[in-house]
Amino acid sequence: MPVEVTWWGHATCTVQDSGVRVLTDPLFVRRLAHLRRRRGELPPPAAARAEAVLVSHLHSDHLHLPSLARLAPGTRLIVPRGATRAVPGLRRLGAAGGLRITEVAPGDEVKVAELVVRAVPARHDGRRLPVGPHLSPALGYVIRGAARTYFAGDTGLFDGMAAAVGEVDVALLPVGGWGPFLGPGHLNATRAAEALAALAPRAAVPVHYGTYWPIGLDGVRPHEFHAPGDEFVRHAARLAPDVAVHLLGHGESVRPEVSG
């Protein structure tokens, strides 16, 4: 099989294609500010091993400096354009940790061994919150090797989404979040299934749900924590019946069938 996807929880995945490992939005902690990990073991140290790491946007649960500090020197770190200016700690981490930081905007491509990574647009607030100017766009990425794998990052539906992403074989789509309510610029299970129907890949893996939750809010709208994966499977069967949806547990891997 040309590609293997491992979901570590939240938006953190390893995509292995053509013998090259690409890690997305690494988050390797049990607690982040007011959030705690409620499901799944922490990713093992081997999860930080990758030839390239993709950061979709500057929010702390996607650009997490302590998690990035676990990367080996020489790792290629691909971030939105302007990220090192907006997050000074990222620049220091690159210098001290020996990371090779590459800033990209939609349409830019980066060669990583046998793969090509292309940045694509996302509809999401890309600022470093809770405050900060709009210095960097939120991005998704298409990893092209033996297969074409789309990592959406964090995004809402937007006009021209399918055209901007292009043809893909596997889609890693966010279907929820980390709190009782989703703000603008997010996909819930229904909207993710609509995106899936527009993108029409051969396979999909739902991510960005069922991992972190605010401390003290376990009893507030708990279905928003537990249900998005199953709801996405149900809506995808209705809106995109030809797509094979793989519902993974934390730390589980799948080798989607992308040829035929």
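Predicted model: local features only at pLDDT ≥ 70, side-chain atom pairs only at ≥ 80, totals over all residues.
Residues are numbered from 1 along each chain as its sequence is written, and side-chain values use heavy atoms, leaving out hydrogens and water.

**Exercise 1.** Work out which strands sit at the edges of the open three-stranded sheet.

- Start with the order, β4-β5-β15, with antiparallel pairing. Strands here are DSSP runs of E, at least two residues, numbered from the N terminus, and two of them pair if DSSP finds at least two bridges between them.
- β4 (31-32) and β15 (212-214) each pair on one side only, which makes them the edge strands.
- Zoom in on β4 and β5 (residues 35-37): two bridges link them, and Leu 32 stands opposite Leu 35.

**Exercise 2.** Find how β12 pairs with β11 and with β13.

- β11 (residues 139-144) runs antiparallel to β12 (residues 148-151), with four bridges; a hairpin of three residues connects them.
- Arg 144 has Arg 148 as its bridge partner.
- On to β13 (residues 170-174): it runs parallel to β12, over three bridges, and Thr 149 faces Val 170 there.

**Exercise 3.** Why do the buried residues of α3 lie on the same side?

- List them for α3 (residues 88-97): Gly 89, Leu 90, Leu 93 and Gly 94. Buried means under 20% relative accessible area, exposed over 50%, partly exposed in between (1.4 Å probe, protein chains only).
- They share a side of α3 because they cover an arc of only 145 degrees around the axis, taken from the directions from the helix axis to the C-beta atoms.
- Turned away from that side are the exposed Arg 92, Ala 95 and Ala 96.
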